[in-house]
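This briefing is meant to be read with the sequence and the coordinates at hand.

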Amino acid sequence: MTERLTIPRPDDWHLHLRDGAMLEAVLPETARHFARAIVMPNLVPPVVTGADARAYRDRILAALPEGADFTPLMTLYLTEQTDPEDVARAAASGLVTAVKLYPAGATTNSASGVRDFDKVRPVLEKMAEIGLPLCVHGEVTDAEIDIFDREAVFIDRVLDPIRRATPGLRVVMEHITTADGVDYVKSQDRDMGGTITTHHLIINRNHILAGGIRPHYYCLPVAKRETHRLALRAAVTGGDARFFLGTDSAPHVDAAKETGCGCAGCFTATNTMSLLAHVFEEEGALDRLEGFAARHGPAFYGLPVNEATLTLEKQADPVRFPEKIESGDGPVTVFDPGFPVHWRVAQ
Ligand code: DOR
Ligand code: ZN
């Protein structure tokens with residue numbers, strides 16, 4: 001039995017840090033284990049311009065705990081008004097690492113997202129030209145499409161047409177939740193990557209709905225049936241470099257989750273690395289965790305693998321994670337996998 005595993009310090013290729021009091025509360029949770037993270041731009045108002053991204057990056061850096069070794073990788077929120085030249089300038093200066101596409105209305109704070117994909121063609125073409133990746137929330141928003149089908153339909157109706165119309169555009173299909181998403185990424189060349197969250201490797205839709213409704217398991221894209229969860233596990237343990245970790249850790253205060261119409265998001269920043277060690281060990285693939293969490297992402301983004309390391313240790317007693325973290329806005333519940341976890345980060 002492996003009791004100890006040392007890997008290069010991991011990165012999180014999809015993270016929500018929010019702003020203000022919430023940023024202060026959640027940033028240390030990620031900075032403790034991760035060297036870099038792609039920071040989502042869905043603030044209110046969203047991070048749309050290079051100037052917005054610079055100001056947000058400054059707020060993140062100011063909120064970092066003393067001595068933390070963490071670099072936020074900024075993204076711009078794509079709107080129908082986005083100026084290709086502003087995007088190109090922000091990329092050239094090293095300020096932004098990717099642009100985020102939210103179909104309008106798909107999820108939390110996505111109202112300013114894209115309705116008419118023709119309107120963003122000039123931006124996508126500029127991005128293909130300069131090699132700036134597009135991170136995609138892959139769900140259609142049409143009310144008549146069943147929520148469990150929205151990812152699969154998005155591939156046919158939106159993602160594949162964008163790929164065909166924009167050769168050379170580097171695309172990340174984020175937080176894949178279906179076998180369809182896995183298969184699509186695999187069918188593409190090296191210009192395409194897919195991120196997978198920790199929680200989608202652990203829960204299926206029964207966890208959310210059977211035996212009582214569990215708001216802390218509700219996120220978007222919503223967890224699908226068991227066959228899809230197993231396809232995600234096969235993808236992350238298969239060693240394919242197109243798949244890498246994007247936790248989509250998305251904090252909401254309990255009051256916003258435990259209510260008649262709760263927000264989408266699972267907060268996993270605190271215990272993600274322990275949970276991943278558990279999952280990969282369960283799959284007999286602990287040796288593949290390094291690729292998924294620390295190597296494939298940098299390879300896709302053309303960045304160096306982190307030189308510092310992170311060590312995971314297996315202990316006899318279950319690790320005790322905080323049930324909640326406190327923020328100035330209220331408590332945030334930490335994702336509970338529902339089983340004992342024996343891996344802890346030793347640093
Ligand atoms: O569950 C989610 N929460 N999915 C998203 O796409 C957005 C995120 C959030 O910002 O809370
Ligand atoms: Zn997200």
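**Ligand sites and a loop position**

In this model, which is predicted, an oxygen atom of ligand 1 is placed 3.3 Å from a polar backbone atom of Gly265. Considered alone, ligand 1 exposes 290 Å², and 100% of that area is buried by the protein.

- Ala264 has a backbone N or O atom 3.0 Å from a nitrogen atom of ligand 1, while His137 places a polar side-chain atom 3.3 Å from an oxygen atom of ligand 1.

**Zinc site**

- The zinc ion (ligand 2) is coordinated by NE2 of His14, NE2 of His16 and OD of Asp248, at 2.0 to 2.1 Å.
- Along the chain, the donors of the zinc ion follow the spacing H-x1-H-x231-D, and both His14 and His16 are buried.

**Gly239**

- Gly239 is located in the loop between helix 8 (226–237) and strand 9 (243–245).
- When residues up to four places away in sequence are left out, Gly239 touches Arg288 and His296; Gly239 and Arg288 are 49 residues apart in sequence, and their C-alpha atoms are 6.1 Å apart in space.

How values were computed
Residues numbered from 1 in each chain as written. Chains lettered and ligands numbered in written order. Predicted model: local features only at pLDDT ≥ 70, side-chain atom pairs only at ≥ 80, totals over all residues. Heavy atoms only, no water. Polar contact = N/O pair within 3.5 Å; in protein donor to acceptor, adjacent residues only side chain to side chain. Areas by Shrake-Rupley, 256 points an atom, 1.4 Å probe, with all protein chains shown as cover. Donors = N, O, S within 2.8 Å, 3.2 Å for Na, K, Ca; no water. Buried < 20%, exposed > 50% of the residue type's maximum accessible area, 1.4 Å probe, protein only. Helix = DSSP H or I, 4+ residues; strand = E, 2+ residues; numbered from the N terminus. Contact = heavy atoms within 4.5 Å.
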